[in-house]
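Take a look at the model below. The report that follows walks through its main features.

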Amino acid sequence: MATANMPKPAHADADTLLSRKFGKETVNYFSSSPLNRVSFLRSDNLLLSSALKHPSTKFLLFNQLAPLSQTFAQLYYASYQEIEAFVPLNIFDKPEKEIIQTYDSGKAAPLVVFLGLNESQPENGFSYKSYKGNPYFAVDITPRGALEEKAKHIIEAAESKGLIFNKARILTDLPPDDAAIYAQARQIIDWNVRNAFCGACGHPTISVNAGSKRACPPTDLGLLKNGSSTDNCRPPCHTRNTISNLSFPRTDPTVIVAVVSHDGKKVLLGRQKRYPPCWYSTLAGFIEPGESVEDAVRREVWEESGVVVSRVIIHSTQPWPYPASLMIGAIGQTAKPEDEVVNLSHDPELEEAQWFDIAEVEEALRTGVSSFGGPKPAGYKEGTLRLAPSTAIAYFLIEAAAKTELLGNQYLPRI
Ligand SMILES: [Zn+2]
């Protein structure tokens, strides 16, 4: 059960010197997208225009960040015909520079994000230069502004076909490939919506680079039309005085760690007040400016549990699009028994932190794993430890710590 839903990219089984030394790579849920993002083509308006109208192109639609879906476990990809009233065919006709120069606040522009090419589905023949694969886009159809009525029509048409907007807080039932596509799309759309106004001058920004950047345009043709100005210049903004007058989607690095005791016989886990009974998990927190991953691990563990971590290794990483985290999974170890005293008095984040014997953790990995807050799994013994499922990186960190198999062939000696 634990790994049935996980992505398995081709490189996972490749025999390389690194995989021989460190073992197979852990591939976490939301990662390993089937799409080639071809990020260098996001400013290529010829590619974008031809991709938009190609019959193989798929559009993932979001309403208030909820993806249009066939079921709670299956996304729905729309065709261009289903959204043509919302997304004009010429939306990508202008190069980026011209889009910025001809900004007109009186004209509504939908948010359309180019996600990439699915090279595993080239059967319908989309190609551009040497690149092949079905193009994927994400479109925000949340009803707002001048596009509100058009958006509502698309939503009504979709719901009349029995489709749903999956409003689950966290989606973990999607097939791995779709989960990765959804994670990319959700995170970029959310970032665009949160950055509709310039952080420096407070005026509206526009989406450029196929949805992956936002710019603060120097002029607005709409100012002339509505009579509010005798020219089309917007107020000065210092972001335009530098070459980096664009803002980029943010990713928030977060550490998440399973801590092993000095003798390798116990694992430190914590629980928050909101957890269901018997649930424990790894400790986690945001990395702060000027902090290494290893230092952030030691700081977070000490702040939340009082335990002093010594050596830290990075195990694997997981994009977590709620809203923009990159979970950097680590294993840490204490150096001596006196560093293992739990003290919750520093940071009140955890309700409890506790050392669990390896045997107890191994038993929980066998019989205590289920979706967060979901029904108790078969074989679960009442009152024993419960853990997160394999869609969470916490599962693999705890598994690695319990097996004392930290990086493939590297074993942590039990003292
Ligand atoms: Zn500005």
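## The second largest pocket

The second largest pocket of this predicted model holds about 960 Å³ of space. Its lining counts 35 residues. Nearest the centre of this pocket lie R169, I170, R274, W320 and M327.

Several elements give two or more residues to this lining: β14 (252-260), β16 (283-286), β17 (312-320), β18 (325-333) and α10 (393-403). The most comes from β16, with four residues. By class, the lining of the second largest pocket splits into 19 nonpolar, 11 polar and five charged residues. Domain 1 (10-27 + 251-411) and domain 2 (35-247) each supply at least three residues to the lining of the second largest pocket.

## The largest pocket

The largest pocket has a volume of about 1400 Å³. It is lined by 48 residues, and K107, A108, A109, P110 and I206 are the closest to its centre. Five named elements each give two or more residues to this lining: α2 (45-52), α4 (96-101), β6 (111-118), α6 and β11.

Which element supplies the largest share of the lining of the largest pocket? That is β11, with three residues. By class, this lining has 24 nonpolar, 12 polar and 12 charged residues.

## The zinc site

A zinc ion is present, and four cysteines coordinate it through their SG atoms: C198, C201, C216 and C237. The distances run from 2.2 to 2.4 Å. Along the sequence, the donor residues follow the spacing C-x2-C-x14-C-x20-C. C198 and C237 link distant parts of the chain, 39 residues apart. C198 sits in the loop between α6 (176-194) and β11 (206-208), while C237 sits in the loop between α7 (222-225) and β13 (246-247).

Why does the arrangement around the zinc ion count as tetrahedral? The four donor atoms subtend angles of 100 to 118°, and four donors count as tetrahedral if all angles lie between 85 and 135 degrees. Are C198 and C237 buried or exposed? C198 counts as buried because its relative accessibility is 10%, and buried means under 20%. C237 is buried too, with a relative accessible area of 4%.

## Backbone exceptions

Most residues other than glycine have a negative phi, and most peptide bonds are trans. Some places in this model depart from that pattern. N209 is not a glycine, yet its phi is positive, about 55°. N209 lies in the loop between β11 and β12 (213-215). It is buried, with a relative accessible area of 10%.

C278 also has a positive phi, near 75°, and is a residue other than glycine. Its place is the loop between β15 (266-271) and β16. At 25% relative accessibility, C278 counts as partly exposed. The peptide bond that joins Y322 and P323 is cis, with omega about 0°. P323 is in the loop between β17 and β18.

## Two residue pairs across the fold

V208 belongs to strand β11. V208 counts as buried, at 2% relative accessibility.

N245 is placed in the loop between α7 and β13. With 25% relative accessibility, N245 counts as partly exposed. N245 and A168 are 77 residues apart along the chain, and their C-alpha atoms are separated by 36 Å.

## The protein as a whole

How many helices and strands does the protein have? There are 10 helices and 21 strands. The C-alpha trace spans about 75 × 45 × 45 Å along its principal axes. Of the 415 residues in the protein, 51% are buried.

Notes: Residues are numbered from 1 along each chain as its sequence is written. This is a predicted model: local features need pLDDT of at least 70, side-chain atom pairs count only at pLDDT 80 or more; totals for chains, interfaces and linings use all residues. Side-chain values use heavy atoms; hydrogens and water are left out. Donors are N, O and S atoms within 2.8 Å of the metal (3.2 Å for Na, K and Ca); water is not among the atoms, so sites may look incomplete. Four donors count as tetrahedral if all angles lie between 85 and 135 degrees; four count as square planar and six as octahedral if opposite donors are over 155 degrees apart and all others between 65 and 115; anything else is irregular. Buried means under 20% relative accessible area, exposed over 50%, partly exposed in between (1.4 Å probe, protein chains only). On a 1 Å grid over the protein atoms alone, a cavity is a set of points where a 1.4 Å probe fits but cannot get out, and a pocket is an open set with protein on both sides within 12 Å along at least five of seven lines; lining residues have an atom within 4 Å of a point. Grid points are joined across faces, edges and corners, and a volume is the space filled by probe spheres set on the points. Ala, Val, Leu, Ile, Met, Phe, Trp, Tyr, Cys and Pro count as nonpolar, Asp, Glu, Lys and Arg as charged, and the others, Gly among them, as polar. Domain bounds come from an automatic or database domain assignment.
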